[in-house]
Amino acid sequence: MKNVEGVVTQALENAKMDLSDMDAVAVTVEPGLIMSLRVGMQYAQKLARLSGKQLIPIHHMEAHALTARMIQRVDFPFLVLLASGGHCLLAIARGIDDFLLLGTSLDVAPGDAYDKTARELKLNSLPRFHGLSGGVAVEQMAKEGDRNAFPLVHVMTSRANCNFSFTGLKISARRQIRAEYERLGWPESEVLPNAADICSWFQYNVTYHMARRLQRAFIYSEMNELLGKSKTLVVSGGVASNAYIRSSLEQVCAAYNCQMVCPPVKLCTDNGIMIAWNGMEKLLSGRDFSQDPSTVDVRARSPLGVDITKEVANCSIKLPKLKIQDT
């Protein structure tokens with residue numbers, strides 16, 4: 001509440017514009033932390049009343065999904081994988097506000113699993129990782145490790161759907177870390193000497209799980225002709241900043257003759273630009289997405305599009321073997 005006015009004022013000054021130059025006010029209203037959403041919504045209501053501009057409510061996940069269209073031409077329909085610290089989902093984007101949800105995380109998000117694993121490994125005690133997120137620390141440390149140092153963790157292999165689960169991987173990592181401390185007799189206050197191996201193994205497990213779900217999404221989309229001839233996968237969200245995950249998913253895309261598009265790293269994590277872009281797409285669509293400022297409200301939970309996860313599971317799609325090469 002203290003910062004929002006200064007942020008908006010600075011943004012307008014940097015753009016050498018004022019409120020009268022705007023065509024509309026776009027604001028995230030769902031899903032997210034309710035208090036944070038409310039701060040933004042109430043300030044947007046104030047701006048809309050002061051300026052007389054229309055107010056366009058934005059769905060946070062829809063904004064992530066469409067960010068890539070700001071960078072290059074991506075025509076509907078396309079497949080989208082959103083992976084972050086709070087979400088992981090696969091969907092078909094058929095229009096600005098038209099999505100089919102193929103799969104979603106049943107528990108925690110991949111970013112959360114990364115952060116908890118970094119904490120278990122005490123990576124933030126190493127000077128080179130000071131100020132970095134757990135996900136970035138694990139990714140950097142993994143470059144020095146052997147992903148095959150420990151056996152692959154098989155996740156939801158008996159469930160032929162596109163849903164994700166990262167709790168098991170998080171728990172497996174914690175158990176492996178504790179087992180290594182005991183096996184090596186290493187002081188628990190220090191970072192394990194083979195922490196890089198654990199990071200590499202953990203990252204490969206997470207990536208493999210995501211890649212297998214993506215495989216099934218491609219097959220289901222082909223079976224039901226949901227993507228057309230020119231197939232595109234958009235990967236966005238904070239976890240999409242991970243270069244190893246990106247390169248691995250590109251291998252899956254190549255196997256299914258699909259182009260992969262990722263927004264620049266700075267646009268993968270939560271940002272105001274993607275909200276503005278989504279508002280602009282809606283404003284230019286010719287449809288009226290605006291809402292009376294006095295009736296706008298926020299929602300902490302809000303699924304993306306139409307949920308067809310059960311239809312995907314009912315197809316019982318078996319997957320061919322998958323091998324991810326280190327790049």
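Glu-225 is found in the loop between α8 and β6 (231-236). The model is a predicted one. Phi of Glu-225 is near 50 degrees, a positive value in a residue other than glycine. Glu-225 follows α8. Its relative accessibility is 72%. Because exposed means over 50%, Glu-225 counts as exposed.

Lys-16 has a relative accessible area of 75%. Lys-16 is therefore exposed, the cut-off being over 50%.

Helix α8 covers residues 195-223. It has 29 residues. From its first C-alpha to its last, α8 reaches 42 Å. That is close to the 42 Å expected at 1.5 Å a residue. The helix is mostly covered, with 26 of the 29 residues buried.

Part of the surroundings of α8 is helix α7, residues 167-184. Two packed helices are described by the angle between their axes and by the distance between those axes. For α7 and α8, the axes come within 11 Å. They cross at roughly 165 degrees. Angles over 145 degrees count as roughly antiparallel, so α7 is roughly antiparallel to α8. The crossing in which α7 passes α8 is right-handed.

Both helices contribute side by side to a defined set of contact residues. From α7 come Leu-169, Ser-172, Ala-173, Gln-176, Ile-177 and Glu-180. From α8 come Ile-198, Trp-201, Phe-202, Asn-205, Val-206 and His-209. By class, the contact of α7 with α8 holds seven nonpolar residues, four polar and one charged.

Pro-31 sits in the loop between β1 (24-30) and α2 (34-51). Pro-77 lies in the loop between α4 (68-71) and β3 (78-83).

Conventions
Residues numbered from 1 in each chain as written. Predicted model: local features only at pLDDT ≥ 70, side-chain atom pairs only at ≥ 80, totals over all residues. Heavy atoms only, no water. Axes fitted to C-alpha atoms, helices over the stretch in contact; angles between N-to-C directions. Helix = DSSP H or I, 4+ residues; strand = E, 2+ residues; numbered from the N terminus. Parallel < 35°, antiparallel > 145°, perpendicular 65-115°, else oblique. Left-handed = near helix turned anticlockwise from the far one by under 90°. Contact = heavy atoms within 4.5 Å. Nonpolar A, V, L, I, M, F, W, Y, C, P; charged D, E, K, R; others polar. Buried < 20%, exposed > 50% of the residue type's maximum accessible area, 1.4 Å probe, protein only. Expected span 1.5 Å × (residues − 1).
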